[in-house]
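Keep your viewer open and try each task before reading its solution.

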Amino acid sequence: MSVDHEAFAKDWIEAWNTHDLDRILSHYAEDVVLTSPIAARRLADPRGTVRGKEALRAYFAARLAARPALRFTLQRIHHGVGSLCLAYETEDGRRAAETMEFNDAGEVARVVATYAS
């Protein structure tokens, strides 16, 4: 399945900016794997890996609760084959990029999040 990267990016950003957890999670596969240095810190696990949609729900819910003003501004979309990378900035000026790989159903199956120092 081909994913419309522009539409995906728009919906993903809007989902985060409205803090709609179900809408955010609608982008992810049941067996999604997310790796992030923030997850490493928050989970006290150097691997920084969140596995599965229910674990991702808990992780994202905690993130939204901790940052009620959280807002993303999309900076650019990097297009890949079966993947994309979204570069964005948060409301407090942090810069991030998330590389997302899609499964055959067009859901995000793997995410690697990176942050500017």
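### Exercises and solutions

His19 is partly exposed, its relative accessible area being 25% (buried means under 20%, exposed over 50% and partly exposed in between, with a 1.4 Å probe and protein chains only). Before we go on, note that this is a predicted model, in which local features need pLDDT of at least 70 and side-chain atom pairs count only at pLDDT 80 or more, while totals for chains, interfaces and linings use all residues. Residues are numbered from 1 along each chain as its sequence is written, and side-chain values use heavy atoms, with hydrogens and water left out.

**Exercise 1.** Describe the backbone at His19 and at Ala44.

*Step 1.* Start with the background: most residues other than glycine have a negative phi.
*Step 2.* His19 is not a glycine, yet its phi is positive, about 60°. His19 sits in the loop between α1 and α2 (21–25); helices (H or I, at least four residues) and strands (E, at least two) are DSSP runs, numbered from the N terminus.
*Step 3.* Ala44, also not a glycine, has a positive phi of about 50°. Its loop runs between α3 (37–42) and β2 (49–51), and Ala44 is exposed at 71% relative accessible area.

**Exercise 2.** Classify the pair of Trp12 and Tyr88, and say which elements it ties together.

*Step 1.* Recall the criteria: rings of Phe, Tyr and Trp (its six-membered ring) pair if their centres lie within 6.5 Å; planes under 30 degrees apart are stacked, over 60 edge-to-face, and the rest tilted. The structure holds nine such aromatic pairs.
*Step 2.* For Trp12 and Tyr88 the centres are 5.6 Å apart and the planes stand at 55°, so the pair is tilted.
*Step 3.* Trp12 belongs to helix α1 (residues 5–18) and Tyr88 to strand β4 (residues 83–90), so the pair ties together parts 76 residues apart in sequence. Both Trp12 and Tyr88 are buried.

**Exercise 3.** Now work out the surroundings of Trp16.

*Step 1.* Trp16 and Phe72 form a tilted aromatic pair, 5.4 Å centre to centre with 45° between the planes.
*Step 2.* Trp16 lies in helix α1 and Phe72 in strand β3 (residues 72–79), so this pair ties together parts 56 residues apart in sequence.
*Step 3.* Trp16 is buried at 2% relative accessible area, and Phe72 is buried at 2%.
*Step 4.* Arg63 lies over the face of Trp16, 5.2 Å from the ring centre (NZ of Lys or CZ of Arg must be within 6 Å of the ring centre and within 35 degrees of the ring normal).
*Step 5.* Finally, one aromatic cluster is formed by Trp12, Trp16, Tyr28, Tyr59, Phe60, Phe72 and Tyr88.
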